[in-house]
Each structure stands twice: as structure tokens, then as C-alpha cells.
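Visitor: I am new to protein structures. Could you take me through this one?

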Amino acid sequence: MTIKRQWLLGLMFIAIISVCINSFVLSSLTNDYFKNYIKDNYETHFNQIVDYTTSALKESDFSASQMAIELETHLVDPITRIKVYNNQGDLIVDVSVNNQTSNGMMNGKGMMRGLMSKTQDNQLEEVDHAEILDGTQVIGQINIMKYSSAENSNVALMFRSSLIKNSLYSIAIVLAFAVIIGFLISRKISKDLINTANMAQNIDVGNTATNLYSKVKEIRVIQQSLESARDRLKLKQKSRKALIDELVHQTRTPLTILRTHLEGIEDGVIDMSTQEIRTCENQIENITSIITNMSGMIDADTQDDVLQVEEFEFNQFLKQIVNGLQMQFQKKQIDLKLKESQKTMISTDKYKLSQVIYNILTNAYKFTKKNGSVLLYYHVTLENLVLTIEDTGSGISEKEQLKIFDAYYKGDSTTNASGDGIGLYVAKENMTKMNGSITVESKLNKGSKFILTLPR
């Protein structure tokens, strides 16, 4: 069943129940008031009948016809008949709603009562009796017949019938308004729900469309939740893309080093020494580490990026990196050197730190021209180890220095056409994760200097 139909049925049901309850309460209160009115009215007429009959019978020349005419005026609900007897018990006046008087006459008013009385023939009646006294002497008697209760009176029945009829009219009118208003509201809600469904469908298929927000608070909350889910999905997709790009970038460096060294061995430029084998093994270990963490890197929500802290000798660590890239730099006739420094131990994530240094050296290789140089040197303080990587490349403008650590920023496309803009971003992220920092000092056409600061 559609929401529109459920809403209309619910509204109609509420309307009917409301009108019925209102009619029941109103009818009960009005009926109680009306019964009290009938009772008070009867007592008033009863007393008037007794008073009039007493004064009439005290007169010796009273007229029975005149008395009948006067008593007929008291034939109102619930009184149906009045009989008057003299002190000998003889009936002298008999008037009723059937309009038969003691003299056999019938007037127009009595005829109307007679017609109305036909609807009451099957109702129960009771008799109230009163003696007519002149002082202490009984001069006559009165029998007044009435309906057994106020509810059985003709007026009461007509009143209740009118209440029921009016209640039915009220139900019909309220239902008409309920259907019209319910249809308008349900059409509005249905339209909002259709728009919400379209929003969800557009998110599912990746379409971009202008969304019309509902004025209904609950529907608007759902729409806003869908918008929020769409934004989170976009962020997730962007984050996953960044991680995949990072994965590709990380594998490129060790693969390039391996290829360069294998080509050198094949050409006889490099001897297959123990050190050379160790250099190749280091690159294979780097690739293995990347593949091991691949599932966590691809899934942006569950990536496992816990630091693998270990203690190692920093100078030897740098020599391995330089040796791995030496062949590649020599082919471009770039002088890559590690300045001799004191041996020192450091505790950090060896793999992430190697990523940082490889990425910086790869950029230095890319932007340093033939016969240029790249120099690595470091010094140790009480709390930190500071590594500087200095090149004689093309340099970086002050404006670009503010952006080079942003993901996918490529700078001048004429000089960095082959770059993906992810290397320095990864370097910055890794240094932050290791509680370190990376800064750059550079001027155009005068080279660059990257400074890495790590806690010991």
C-alpha cells in the first residue's frame, strides 16, 4: 500500500472517530440537559393543571367544554392524556393527543397531535394521580397520563433523530475536507519522497543533479543524510585513488633501481658483488613490503598504517640508498654523494623513512641537469637527527613552495610533465607520521635544499 493511500485512510479514520466521539459527548450532554428540561416542564404543567382544575371545580357553574379547551393546552410532551373526575367518580373531562374530548369535538390542533401520536402508540405510558381539594374536602380527581420516561417522548425522539442526522452530515463534511486536505498533503509528501528516491538513485549511479529539499523536517533530514553520504563517498573514492597512486609511486622507485642495476650487470658496468646483491635485495624487500600492505592501502576505511619502529644505524642506511641510485644518476652524469658523517643509531620506521629519501632524490634527479650534483649530509643534536638533501637543480619559486607538498600538485607542467604530483605529498605524510618534519629552501635556477628533522 502506498504512503498516499495509508495517509488518506488514516486521516479518514481519525476524522470519523473524532466526529463520532464529539457527537457522542455532545449528544449525551445535550440529551441530559433536554431530559431535565422535559422533567421541569412536566412538573410545571402538572401544577398548573391541578391549580386550574381546583379553581374550576370550586365553581358550581363551571363548563366542561371550557375546561377541556383549557386542559388541551397542557397536552405537551410527555403528557398524552388528562382525565378529570368529580367527587362521585364520574368522568367529566377527558382530553388526549388523540383529540377525543368529553363532548366528542375535535379541533385542528388536536388533529395534529393525533397524527403525531400514531408514532407513539407502541410506547409505554404511566399515570400520575392527584386529588382536587377544597380545604380538606375532596371535590374531584385528576389522572394525567404521560410517557414512561422523557426519552420516550415524541420531542425527545425527534431531537435525538435530529442529532444523529446532523452527526452524519458532520461526518460527511469532515470526510470531504479530510480527503481534500489529505490528498494535497499526501501528494506533497509523495513528491518529496520521490525526489529523495531520485537523490539516492543519482548517488548510486554517480550522477550529479540539483536537489530540491523538502519542507518536511523528517524528509529533509533523510535528504541531508544522503547528501552527507554522497560527500563521504566522494572523499572515500578520492582517498582510495590517492592511496592507489601512492602505491604505484612507491613501487616505481625500487623497480627502477632494480632495472638500472640489472642493466648495468648485463652491460658489464657493474660487478655482481656482495654489496650489489645486497642493494638488489633491499629493493626487493621494499617491493615486498608494499605488496604486503596493499590491501590496507587500497581500502581507505581499514588501512593499517601502524609505524613499524626499529633501531638501525643511520649512516649505513643512507649508503644503501645512495648505492641503489648511483647507477641511475651516473647515466645522467649527475654526481650523487653522501658526505661522511659520524655513525649514529636511530629508532623509527625504516621503510617510511626510505620512501621519503627516495622520493626527494627522485625529484632531484628529475630537475637536476647534466653535470649537476646532489649531496646528502646530516648532523645530530641532543633530541633530533637533521638530514639535508641539496641539489643544483632548477629550483622552486616561493609561490610553489607553499604547494609542493599538496597531493597531485605538479607545478610547471613544462618541467614536470612526467610527474604525478604524489611524491612530496607522501614524503610529508610519512614525516608527520614519524613525528618529524620536512621543510624546503630553494630559489629559481639555484637549486633546492630539503631538510628532514627526525626525533632520535
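This is a predicted model: local features need pLDDT of at least 70, side-chain atom pairs count only at pLDDT 80 or more; totals for chains, interfaces and linings use all residues.

Guide: Residues are numbered from 1 along each chain as its sequence is written, and side-chain values use heavy atoms, with hydrogens and water left out.

Visitor: What is the order of the strands in the open sheet of five strands?
Guide: Strands are DSSP runs of E with at least two residues, and helices are runs of H or I with at least four, numbered from the N terminus. Two strands pair if DSSP finds at least two bridges between them. The pairing here is mixed, and the order is β6-β8-β9-β11-β10.

Visitor: Which are the edge strands?
Guide: An edge strand of this sheet pairs on one side only. That holds for β6 (335-338) and β10.

Visitor: How many bridges join β10 to β11?
Guide: β10 covers residues 437-442 and runs antiparallel to β11. Another pairs E441 with K449. The number of bridges is six.

Visitor: Which residue in the turn between β10 and β11 has a positive phi?
Guide: The two strands form a hairpin, with five residues between them. The phi is about 65°, and the residue is N445.

Visitor: Which residue in β11 stands opposite V386?
Guide: Strand β9 (residues 384-391) pairs with β11 (residues 448-455). They are antiparallel, with eight bridges. Opposite V386 stands T453.

Visitor: How many salt bridges does a search of the whole structure find?
Guide: A salt bridge puts a side-chain nitrogen of Lys or Arg within 4 Å of a carboxyl oxygen of Asp or Glu. One example is R81 with D94, whose closest N and O atoms are 2.5 Å apart. Another joins K146 and D128, at 3.5 Å from N to O. The search finds five.

Visitor: Is D94 buried or exposed?
Guide: Buried means under 20% relative accessible area, exposed means over 50%, and partly exposed lies in between (1.4 Å probe, protein chains only). The value for D94 is 9%, so D94 is buried.

Visitor: What is the accessible area of the nonpolar patch on the surface?
Guide: Patch residues have over 30% relative accessible area and no salt bridge; like charges are joined within 9 Å, nonpolar side chains (Val, Leu, Ile, Met, Phe, Trp, Tyr) within 5 Å. Areas come from the Shrake-Rupley method with a 1.4 Å probe, and for residues only the protein chains shown count as cover. Members include Y169, I173 and F177, and together the patch has about 780 Å².
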